[in-house]
Amino acid sequence: MKILANDGISEAGQKALKNEGFTVINQNIPQDQLAKYINQNFVVGLLVRSATTVRKELIDQCPSLRLIGRGGVGMDNIDVGYAKEKEIYIINTPAASSASVAELVFAHLFGGVRFLYDSNRNMPLEGDTKFKKLKKNYSAGIELRGKTLGIVGLGRIGQEVAKIGLGLGMKVIGTDKHIDQISVRVTLFDGQFLEVKIPSIDFDQLLRQSDFITLHVPSQGNPLITISEIKKMKKGSGIINAARGGVIKEDDLLEALDSGQLSFAGLDTYEKEPKPDIKLLMHPRISLSPHIGAATIEAQERIGLELAEQITDLLKIRS
């Protein structure tokens, strides 16, 4: 049985699948040629990340498909309901990349409170001629310790974010429509741990109480954060979006940054991927990354192995 990893799969995942007798095709087929390739090669399993879309039209054109896998969490690039109607297995890897996304959130947070996103742009240009001026410009940083971190969405990634925040000495609060309370275990290198309960509070309360807000929710259809929500936040607070593009209304974000209502933003996802708005890319108060939340070596290995295990269970054991 052939598995097409159209957006790639780790060597560990490939090896695990090959050991179970699968043929793994680890190459990228352009979207407009994908159906033809799948049919010509009798592909039974299609693995994607965020780049490849699997819509109704593709599903209808590929009768050989028995499984569609998403290496990651969100599956808004797949017509999941329709695929299930066609009795195609749908799998993803919700736990494998949680820690990686959480660490990127704090990369943006640390960069934000110490102006690294701007300093790294200006030091190569002016560091040798305006060193003292730049030093003065970036000397009003603040510490994360003791500040309040608001987490919107208390699923796996939100909980990993909470662990890091607690470890830094932050007050961590959260909101989630589907969860009343979470119990977070902060584990140290030697096995010792601290168990902390975090209740889910009202969304408006979280907006008003947080010094920094980080978003961990699926695509909402409409923006969750608009100028109305931003005006409820503390003046000078910061916001991070490593969830999905469109969760923040980007024009409103720019307005809030220009007015000083927000001091900085960190973005890993954008409304218009893969061509984000140039106004975002050029803004001096935005820390930027190109949708790399899950893109660590460790996470990709875990994703590959988790996909291989599920594929083996569904296609081989149940055949």
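**Ground rules.** The model is predicted, so I kept to its limits: local features need pLDDT of at least 70, side-chain atom pairs count only at pLDDT 80 or more, and totals for chains, interfaces and linings use all residues. Residues are numbered from 1 along each chain as its sequence is written, and side-chain values use heavy atoms, with hydrogens and water left out.

Entry 1: I looked up the strand order first. Helices (H or I, at least four residues) and strands (E, at least two) are DSSP runs, numbered from the N terminus. Five strands make an open sheet in the order 2-1-3-4-5, with parallel pairing; two strands pair if DSSP finds at least two bridges between them. Strand 2 (23-25) and strand 5 are at the edges with a single partner strand each, so one side of each has no neighbour in the sheet. From one strand to the next, the twist averages 20 degrees; axes are lines fitted to C-alpha atoms, for helices over the stretch in contact, and angles run from 0 to 180 degrees between N-to-C directions.

I then checked one pair. Strand 1 (residues 2-5) and strand 3 (residues 43-48) are parallel and share four bridges. Ile 3 is opposite Gly 45 of strand 3.

**Entry 2: Asn 92.** I found Asn 92 in strand 5 (residues 89-92). Is Asn 92 buried or exposed? Asn 92 counts as buried because its relative accessibility is 18%; buried means under 20% relative accessible area, exposed over 50%, partly exposed in between (1.4 Å probe, protein chains only). A polar atom of its side chain lies 3.0 Å from the backbone oxygen of Val 73. Beyond its neighbours within four places in sequence, Asn 92 has contacts (heavy atoms within 4.5 Å) that include Arg 70, Gly 72, Met 75, Glu 306 and Gln 310.

Strand 11 (residues 237-241) and strand 12 (residues 262-267) pair in parallel over five bridges. Ile 240 has Gly 266 in strand 12 as its bridge partner.

Definitions and conventions
A polar contact is a pair of N or O atoms within 3.5 Å; within protein, one must be able to donate a hydrogen and the other to accept it, and residues adjacent in sequence count only if both atoms are side-chain atoms.
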